[in-house]
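Visitor: Can you walk me through this one? I would like to start with the terms.

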Amino acid sequence: MPDSTLPHLGTHYFDAAKVPTFDLGATGTLKGKKAASIAAPKDACKGANGAVDWLQLTEAEGSVGLKLGYRVYTAGGKAPPSCAGQKEHIEVQYAAQYWFFGP
């Protein structure tokens with residue numbers, strides 16, 4: 001991500017077991033397990049291929065200090081419907097709000 005005037009609040013990545021992980025430093029770490037999802041609203045900014053679903057994530061083993069997370073207000077993020085004609089590696093940009101809750 002390019003330099004921003006926004007403060008850095010945490011890092012999102014997938015661990016070696018492909019578990020979505022949100023490291024919010026001293027606030028805690030959520031290793032997420034999908035509990036529920038709904039399609040993004042029809043009026044969401046679709047980007048090239050549509051807006052990714054909104055998610056509810058519950059804690060998985062290894063979470064510390066965080067119990068619940070939500071991905072909402074998504075814009076873009078859906079992968080192309082086919083790999084045909086794509087480069088070997090592609091990026092699909094999206095934006096979303098993430099809300100986290102602790103104990």
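This is a predicted model: local features need pLDDT of at least 70, side-chain atom pairs count only at pLDDT 80 or more; totals for chains, interfaces and linings use all residues.

Guide: Two strands pair if DSSP finds at least two bridges between them. Strands (E, at least two residues) and helices (H or I, at least four) are DSSP runs, numbered from the N terminus. By that rule, β4 (residues 54–59) and β5 (residues 68–76) pair in the antiparallel sense over 4 bridges.

Visitor: What do strands of a sheet pair through, in general?

Guide: Backbone hydrogen bonds, in either a parallel or an antiparallel arrangement.

Visitor: Back to the start of the chain. How many bridges do β1 and β2 have?

Guide: The antiparallel pairing of β1 and β2 covers 4 bridges. T11 stands opposite D23 in β2. The two strands form a hairpin with 5 residues between them, and K18 in the turn has a positive phi of about 65 degrees.

Visitor: And what do β2 and β3 form?

Guide: They form a hairpin with 5 residues between them, where G25 in the turn has a positive phi of about 60 degrees. Strand β2 (residues 20–23) pairs with β3 in the antiparallel sense over 3 bridges.

Visitor: Is T29 buried or exposed?

Guide: T29 is buried, because its relative accessible area is 16%; buried means under 20%, exposed over 50%, and partly exposed in between, with a 1.4 Å probe and protein chains only. T29 lies in strand β3 (residues 29–38).

Visitor: What does T29 touch?

Guide: Leaving out residues up to four places away in sequence, T29 touches T21, F22, D23, S63, V64 and L66. Contact here means heavy atoms within 4.5 Å.

Visitor: How many bridges join β3 to β4?

Guide: These antiparallel strands are joined by 6 bridges. G32 stands opposite E59 in β4.

Visitor: Which residue in β5 is the bridge partner of Q56?

Guide: Y70 is the partner. Q56 itself belongs to strand β4, and at 24% relative accessibility it counts as partly exposed. Outside four places in sequence, Q56 touches K33, K34, A35, A36, L68, G69 and Y70. The C-alpha atoms of Q56 and Y98, 42 residues apart along the chain, are separated by 9.9 Å.

Visitor: Different topic. What share of the whole protein is buried?

Guide: Of its 103 residues, 26% count as buried. The C-alpha atoms fill a box of roughly 45 × 30 × 30 Å along the principal axes. Among contacts between residues at least 6 apart in sequence, 47% join residues at least 24 apart.

Notes. Residues are numbered from 1 along each chain as its sequence is written. Side-chain values use heavy atoms; hydrogens and water are left out.
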